[in-house]
Amino acid sequence: MAKKLFIAEKPSVAQEFAKALKYQMSRRDGYLESEEAIVTWCVGHLVELAPPNVYDAKYVKWNIADLPILPQKWQYLVSASTKKQFGILQKLMNRSDVDSIVNSCDSGREGELIFRLVYQQTGCKKPFSRLWLSSMEENAIREGFAHLKPSTEYDALYNAALCRERADWMVGINASRLFSCLYGQPLAVGRVMTPVLAMTVVREAAIAAFVPEKFYTVDLELTSGCTASSRR
């Protein structure tokens, strides 16, 4: 009997999906299974961008002369901490009795990226659809599974996630190495982290330099009983 494979982002969410689907599921190592379906999970990011030394061994040493590091063809690795779960997903996705897959990761840019990277890294070619939820209520989950979306509707979202991920990598790798070499100490620079840190520092400096000044306002008590107040 052909089965549909549902891939959630976290074990707790997978449990909610199994409950909503009303299948009599048995617990296996890394997934739940019934006669009709299999529900499994990703445990967050299973597949990550490879570090610079995977592209060239010389990048093990941080050197300004090697910058910028801009891969022509991006490479990915399975996270060392989640290799077991990735292996489970790879076997499930390529099982002969699994005829279709449902991307049931979180409804958003990161959820789309997590699933697509796993799908590509496993070498899976089977058709997949998309579960898109705005609520985790049981009725909403069942409604979502009853109206699955074509995967192609979310290709642009996936591409946006790739842009964000690769921008983070390029800024983080190159800027961190540049400033660490310039200042002779390890310094972490990030696309989001560093601007936020800069705004915090500027705000703290403004607070520290604040000097209280007297100010005045004019209040007029009107015969109608109202009061009109000026600005400072």
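Both faces of strand E4 are covered: Ala37, Val39 and Trp41 on one side, Ile38 and Thr40 on the other, and all are buried. Buried here means under 20% relative accessible area, exposed means over 50%, and partly exposed is in between, with a 1.4 Å probe and protein chains only. Strands, E, are DSSP runs of at least two residues, helices are H or I runs of at least four, and both are numbered from the N terminus. In a regular strand the side chains alternate between the two faces of the sheet. Five of the five residues of E4 are buried, so the strand is largely enclosed by the rest of the structure.

Before I go on, this is a predicted model: local features need pLDDT of at least 70, side-chain atom pairs count only at pLDDT 80 or more, and totals for chains, interfaces and linings use all residues. Residues are numbered from 1 along each chain as its sequence is written, and side-chain values use heavy atoms, with hydrogens and water left out.

Now the neighbours of E4. Two strands pair if DSSP finds at least two bridges between them. Strand E3, residues 31–33, runs antiparallel to E4, residues 37–41, and three bridges join them. Leucine 32 stands opposite valine 39 of E4. Strand E1, residues 3–8, pairs with E4 in the parallel sense over five bridges. In that pairing, lysine 4 has alanine 37 of E4 as its bridge partner. In general, strands of a sheet pair through backbone hydrogen bonds, either parallel or antiparallel.

Where does E4 sit in the strand order of the open sheet? The order is E2-E3-E4-E1-E7-E8-E9, seven strands with mixed pairing. The edges are strand E2 (26–28) and strand E9 (149–150), each pairing on one side only.

Next, backbone geometry. Most residues other than glycine have a negative phi, and most peptide bonds are trans. Which residues depart from that? Lysine 22 has a positive phi, near 65 degrees. Lysine 22 lies in the loop between helix H1 (11–21) and E2, and is exposed, with a relative accessible area of 54%. Valine 43 also has a positive phi, near 60 degrees. Its place is the loop between E4 and strand E5 (47–49), and valine 43 is partly exposed at 39% relative accessible area. The peptide bond from leucine 67 to proline 68 is cis, with omega near 0 degrees. Proline 68 is in the loop between helix H2 (52–55) and strand E6 (76–78).

Finally, the whole chain. The protein chain has seven helices and 11 strands. Its radius of gyration, taken over C-alpha atoms, is 26 Å, well over the 17 Å that the globule rule gives for 232 residues, so the chain is more spread out than a compact globule. That rule is 2.2 Å times the number of residues to the power 0.38. Along the principal axes, the C-alpha atoms fill a box of roughly 85 × 65 × 30 Å. Of the 232 residues, 37% count as buried.

Contact means heavy atoms within 4.5 Å. Among contacts with a separation of 6 or more, 69% are between residues 24 or more positions apart.
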